[in-house]
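Welcome, and please get your viewer ready. We will go from one selection to the next and say what is there.

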Amino acid sequence: MNVTKVKNQMRMQEWAKLVEAREESGLSIKQWCKQNDLQEAQYYYYLRKLRLAACENLPVETSKDLQFALVPNPVRDISSVSSEQSNIKITFPSAIVEIGQEADEAQIRLTLEVLLRAQWCSWI
């Protein structure tokens, strides 16, 4: 095995322990870094590198593997929905997501969770 690769893996493990310790502490990043003599910028660097490594280890999907799923709309009384309610429109550089006024809370929550997972790697 490559020495550099082993060295990088050991660093990542150390950084993961730091991030986990901060999360378990319940402190804010600022408070935890101050208590542990670590610069916030260094903590965020570790976090960024860990997230980037996690994204690189995700399975790669080809366009033929992509699928669309219909988010179910449970039957409900839509007469209670005000006609004055507007749609939700979320715009990304490569896509626009619109949620109709008939969508219920569960559908909106599921849609936002999917968008969050899809955009997570691009926030790094």
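This is a predicted model: local features need pLDDT of at least 70, side-chain atom pairs count only at pLDDT 80 or more; totals for chains, interfaces and linings use all residues.

Begin with the second largest pocket and colour its lining: the largest share, 6 residues, comes from α1. A pocket here is an open set of points on a 1 Å grid over the protein atoms alone, with protein on both sides within 12 Å along at least five of seven lines, and lining residues have an atom within 4 Å of a point.

Residues are numbered from 1 along each chain as its sequence is written, and side-chain values use heavy atoms, with hydrogens and water left out.

Now select the lining itself, including K5, N8, W15, Y45, K49 and E56. The elements that give two or more residues to this lining are α1 and α3. The space in the pocket is about 280 Å³, a volume filled by probe spheres set on the points, which are joined across faces, edges and corners.

Next, select α1, residues 3–25. At the N-terminal end, N2 caps the helix, with a side-chain oxygen 2.9 Å from the backbone nitrogen of T4. Just after α1, look for G26, which has a positive phi of about 80 degrees.

Which residues of α1 are buried? They are W15, V19 and R22, where buried means under 20% relative accessible area with a 1.4 Å probe, protein chains only. These buried residues pack against α2 (29–35) and α3 (40–56).

Move on to α3 and select its buried residues: Y43, Y46, L47, L50, A53 and C55. What covers them includes α1 and α2. Zoom in on Y43, which touches L18, V19, R22, I29, W32, C33 and L38, leaving out residues up to four places away in sequence; contact means heavy atoms within 4.5 Å.

Finally, show the largest nonpolar core, which has 10 residues, among them W15, V19, I29, W32 and Y43. Such a core is a set of buried Ala, Val, Leu, Ile, Met, Phe, Trp, Tyr and Cys residues joined through side-chain atoms within 4.5 Å. Its largest share, 4 residues, comes from α3.

Terms used. The expected span of a helix is 1.5 Å times one less than its number of residues. Buried means under 20% relative accessible area, exposed over 50%, partly exposed in between (1.4 Å probe, protein chains only). A polar contact is a pair of N or O atoms within 3.5 Å; within protein, one must be able to donate a hydrogen and the other to accept it, and residues adjacent in sequence count only if both atoms are side-chain atoms. On a 1 Å grid over the protein atoms alone, a cavity is a set of points where a 1.4 Å probe fits but cannot get out, and a pocket is an open set with protein on both sides within 12 Å along at least five of seven lines; lining residues have an atom within 4 Å of a point.
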